[in-house]
Amino acid sequence: MPRGPEAAAAMEEDEPELEAGLEAALELAPAVQAAIEQVFPSQDPLDRADFNAVEYINTLFPTEQSLANIDEVVNKIRLKIRRLDDNIRTVVRGQTNVGQDGRQALEEAQKAIQQLFGKIKDIKDKAEKSEQMVKEITRDIKQLDHAKRHLTTSITTLNHLHMLAGGVDSLEAMTRRRQYGEVANLLQGVVNVLEHFNKYMGIPQIRQLSERVKAAQNELGQQILADFEEAFPSQGTKVAWLDKIDRRYAWIKRQLVDYEEKYGRMFPPEWCMTERIAVEFCHVTRTELAKIMRTRAKEIEVKLLLFAIQRTTNFEGLLAKRFSGCTLADGSVKKPEVPLPSTNPFLEDETGTETDEIVIEKSDMDKPKKPKVPDNPFHGIVSKCFEPHLYVYIESQDKNLGELIDRFVADFKAQGPPKPNVDEGGAVLPSCADLFVYYKKCMVQCSQLSTGEPMIALTTIFQKYLREYAWKILSGNLPKTTSSSGGLTITSLLKEKEGSEVAKFTLEELCLICSILSTAEYCLATTQQLEEKLKEKVDASLVERINLMGEMDTFSIVISNSIQLLVQDLDAACDPALTAMSKMQWQNVEHVGDQSPYVTSVILHIKQNVPIIRDNLASTRKYFTQFCIKFANSFIPKFINHLFKCKPISMVGAEQLLLDTHSLKMVLLDLPSIGSQVVRKAPASYTKIVVKGMTRAEMILKVVMAPHEPPVVFVENYVKLLADCSTDTFQKILDMKGLKRSEQSSMLDLFRQRLPAPPSGVENSSSLSLSTPTPEQESSRIRKLEKLIKKRL
């Protein structure tokens, strides 16, 4: 039916309310919405819960041009609406008969349930009747079962009672006849049978049998003990002195062997009777030895004490090999632990070796070390009694070490310094190895007896004689420095021929210094290893009291003094040449030639000394490197100081000095491998020192060569090349140029005005050139000199 305009207008007015009602009706819970999306998945925007009509229309018609297809889109939407209406109509019609069909199905289900209840009741009634019939049938069977069970129990109990009574009678009879073999099996059976009557102990007869069994056990125990006391009569023991201690241990060995042959099978193996006898012997021996040593303490000598200790520790080691230690008081035995590999040269297999056979050599430090011997559970079980008397041993070692040091001093004086052995490198003094061999022997002996306070006392003795060895044998035999070579004139120095000598250490003295340095280095390393070994031997609570750092510092001082002597010797040998350089008339030099005689002299002394020192320090190259560094740190500043004394200097003289400086720089850079067939690259730390110091000397000469006019440019070049804000240095360079005081005054004023400016680095100064407005003639002379230096190289 067609609608009029009024109806259409009314519908338009009602549309907002209708839309609001529809929206309110279509809002579903999030869970319901999620279930719908899971059952009916759809990618259509119209099916989304958050559908927005405006956004949907804008999606369909993004531009005005797309409105041309509006009719097609409207037709599609109408077609979709008709399909939805048809689907809704079909669903509604399908639900018309659902209520009637449901009621019919419910009635049928109720009828089926009533029939099922009737059948279940019939089955239940029949089951109750069947159960009653079964009870009546089995009642008599149960009575018969109970009767049989009681009868069986009674018969079994009577049999046990008969066995118990008969066993008790037999046990008492065998006990009287001392039939221990038969009693052992019978007693165990009687005890097992008696356990069945524990709940019948209230019956007098049963309790009486139990008491008879206990009485038989007690009687057997007393009787067997009496028999053993009779079989092993206690013999009167006489306590012997320490010199007979090995006889005591030989006696117990024989007794243990006899016991195992005669009586070993009489006791269960888990009783460990042989070990128990040995442990008891050890306790008795320790007590008796402690008593007799207290009584005769004044008679204890070192050799006798060490003899007793050695025999005792050997016996304790034998016990550890033979027994497990399970019967000791703590009831536990430490399991052996495999330690980490050690670099300790003192680590050797000490068990079962004589203490006087221990040898340590320098090469031992490079050998693989053996693992530590597992702990001995019997260690100290007897030897602990010797600990209160260890002061005798400590005092003896103090005396022996003092005599050993005195012998080292006497031998060194008698034999003299070691002979030069350049081919094999500096040799370690033999006395050093002897000292540590003796230390090792003492440490092993003491640790076998005690790891407590005696080890601390021995460590104190070690420290004392390590210091004495360092001062008496090493420092005391270092050559003394001699006075500088007086009487040498500049003329004689300049005319010095190749191979001539100035006052300095002889070849033997240089080798001696190197030998002492190598010995001190070996002592330093071995002392550190000695400290580690002492810490391993001593109790954990005393480890902190083991400290040999002071002694290691002492050997480090000897090393430092030895290096300083070598440096001073070579430095002093170069002093006359530097003095000659500073006293030459550099303003009168007319042309640049080969290197000056003083340079040749310095190079000669370096070539004479350095190869000897390097070869004798072949085994300690790090200290040879230290020697090179210290010499460079000493020689280069001294060379620069003598350079400042060369005044006045002409332009040609400055060029000659620059050439000489460059020659010395090349020699110093090659110093670590000079005269060696094997050329090695110098250490970077040494090269840096030489380059830095000698470059400064070259820069000083370049500043001297630069024209001093105009003054402002000269000051700027000085700051760029030297980066030195010292007025004294600037004054020295002005003196080297030979300027008058009036000229120097204005220069100094300009320099002081320039001081606040930040200086440039010295390292980069070598790359700077003299950017001064000098005449072409001056710059060409500098370039010519540089070419001459490169050509000579």
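# Report on an all-helix predicted chain

Cysteine 272 sits in the loop between helix H8 (245-263) and helix H9 (273-295); helices (H or I, at least four residues) and strands (E, at least two) are DSSP runs, numbered from the N terminus. The model is predicted, so local features need pLDDT of at least 70 and side-chain atom pairs count only at pLDDT 80 or more, whereas totals for chains, interfaces and linings use all residues. Residues are numbered from 1 along each chain as its sequence is written, and side-chain values use heavy atoms, with hydrogens and water left out.

The chain has 24 helices and zero strands. Of its 793 residues, 36% are buried (under 20% relative accessible area; exposed is over 50% and partly exposed in between, with a 1.4 Å probe and protein chains only). The accessible surface of the chain is about 48,200 Å², and carbon and sulfur atoms account for 55% of that area (Shrake-Rupley method, 1.4 Å probe; for residues, only the protein chains shown count as cover). Among contacts (heavy atoms within 4.5 Å) between residues at least 6 apart in sequence, 81% join residues at least 24 apart.

The relative accessible area of cysteine 272 is 22%, so the residue counts as partly exposed. Lysine 647 and proline 648 are joined by a cis peptide bond with omega of about -10°. Proline 648 belongs to the loop between helix H18 (621-644) and helix H19 (651-669).

Packed helices are described by the angle between their axes and the distance between the axes. Axes are lines fitted to C-alpha atoms, for helices over the stretch in contact, and angles run from 0 to 180 degrees between N-to-C directions.

| Helix pair | Axis angle | Axis distance |
|---|---|---|
| H17 (597-616) and H19 | about 10° | 10 Å apart |
| H18 and H19 | roughly 175° | within 13 Å |

H17 and H19 are therefore roughly parallel (angles under 35 degrees; over 145 is roughly antiparallel, 65 to 115 roughly perpendicular and the rest oblique). Their contact is made by Tyr598, Val599, Val602, Ile603 and Ile606 of H17 with Leu657, Asp660, Ser663, Leu664, Val667 and Leu668 of H19. By class, these are nine nonpolar, one polar and one charged residues (Ala, Val, Leu, Ile, Met, Phe, Trp, Tyr, Cys and Pro are nonpolar, Asp, Glu, Lys and Arg charged, and the others, Gly among them, polar). H18 and H19 are roughly antiparallel. In this second pair, Phe631, Phe635, Ile636, Phe639 and Leu643 of H18 meet Leu657, Thr661, Leu664 and Leu668 of H19. That contact has eight nonpolar residues, one polar and no charged.

The whole structure holds 15 aromatic pairs (rings of Phe, Tyr and Trp, its six-membered ring, with centres within 6.5 Å; planes under 30 degrees apart are stacked, over 60 edge-to-face and the rest tilted). Tryptophan 586 and tyrosine 598 form an edge-to-face pair, because their ring planes stand at 90°, with centres 6.4 Å apart. Tryptophan 586 lies in the loop between helix H16 (549-583) and H17, and tyrosine 598 in H17, so the pair ties together parts twelve residues apart in sequence. Tryptophan 586 is buried at 1% relative accessibility, and tyrosine 598 is buried with a relative accessible area of 1%. Elsewhere, ring pairs link Tyr249, Trp251, Phe281 and Phe315 into a cluster.

Glutamine 397 lies in helix H11 (residues 390-415). This glutamine 397 is buried, at 3% relative accessible area. Apart from neighbours within four places in sequence, glutamine 397 contacts Tyr438, Cys442, Gln445 and Leu458.
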